[in-house]
Amino acid sequence: MTTIDSIDRLEAIYGTPAAASTVKELDHINAAYARLIEASPFVALATSGPEGLDCSPRGDAGAVVRIDTPRRLSIPDRRGNNRIDSLRNIVRDPRVALLFLIPGSGTTLRVNGRAHISVDADLLASFAVEGKAPRSVILVDVERVYFQCARAIVRSRLWEPDARRDPAGLPTPGEILSEVSDAREGGPAYDAEWPERARKTLW
């Protein structure tokens with residue numbers, strides 16, 4: 001197996017990036033990048049901690065992230081599975097990366113920065129939905145932001161209706177839980193109860 005073990009060898013293979021690949025990077029959210037963030041209901045949040053890396057999906061009704069200033073973003077931590085992997089990592093290592101997806105658009109947006117977690121009562125209340133506030137808010141100080149071209153979206157045909165997979169051909173959460181727990185968790189009842197459980201605990 002031939003592996004690359006130096007930056008020089010790596011750059012020799014890939015060459016110099018085009019000007020468009022470098023001038024697009026900023027240290028703040030400009031007007032164009034703000035429009036992309038405001039249109040995105042979904043972001044992948046990558047964090048790092050002593051146990052390794054983690055990447056967590058975040059979604060919301062409307063914009064998933066609030067722009068507080070050109071250098072500060074806020075992400076409400078909505079209800080989930082209470083593993084708090086991302087939050088544990090941020091407490092110990094503030095470095096984060098965000099990847100925004102916009103349904104129907106090939107353009108994605110990448111943000112790198114440093115984060116901390118706030119439980120300020122007024123801030124939590126500002127993110128309340130149906131009277132329910134998040135238990136914390138992730139505040140991200142922006143260090144690098146740039147858009148990604150559409151090649152990955154085009155290759156994957158991510159938004160094309162005829163490329164969608166039939167969920168009936170995939171394992172359900174209940175089936176997965178049953179398999180990995182030797183039938184102690186999950187099963188058909190888990191899948192049957194999930195829609196109502198999700199409705200009651202969405203926010």
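Student: How many disulfides does a search of the whole structure find?

Tutor: Happy to go through it; please keep in mind that this is a predicted model. The search of the whole structure turns up 0 disulfides. Take cysteine 55 to begin with: the closest cysteine sulfur belongs to cysteine 149 and sits 19 Å away, which is too far for a bond, given that a disulfide needs the two sulfur atoms within 2.5 Å. Cysteine 149 is likewise in no disulfide, its nearest cysteine sulfur being that of cysteine 55. Their surroundings can be read from the accessibilities. Cysteine 55 has 53% relative accessibility, so it counts as exposed. Cysteine 149 has a relative accessible area of 30% and is therefore partly exposed.

Now let's turn to a residue on the buried side of the cut-off. Serine 136 lies in the loop between helix 5 (121–126) and strand 7. With a relative accessible area of 6%, serine 136 is buried, because that value is under 20%. Setting aside neighbours within four places in sequence, serine 136 is in contact with Ile75, Pro76, Asp77, Leu87, Ile117, Ser118, Val119 and Leu124.

The chain's secondary structure comes to 8 helices and 7 strands, and its C-alpha trace spans about 55 × 50 × 40 Å along the principal axes. Of its 203 residues, 28% count as buried. Among contacts between residues at least 6 apart in sequence, 62% join residues at least 24 apart. The accessible surface is about 13400 Å², and carbon and sulfur atoms account for 55% of that area. On the charge side, there are 27 positive and 28 negative side chains, with the centres of the two sets 2 Å apart.

Terms used. Residues numbered from 1 in each chain as written. Predicted model: local features only at pLDDT ≥ 70, side-chain atom pairs only at ≥ 80, totals over all residues. Heavy atoms only, no water. Helix = DSSP H or I, 4+ residues; strand = E, 2+ residues; numbered from the N terminus. Buried < 20%, exposed > 50% of the residue type's maximum accessible area, 1.4 Å probe, protein only. Contact = heavy atoms within 4.5 Å. Areas by Shrake-Rupley, 256 points an atom, 1.4 Å probe, with all protein chains shown as cover. Lys, Arg positive; Asp, Glu negative; His and termini not counted. Charge placed at Lys NZ, Arg CZ, Asp CG, Glu CD.
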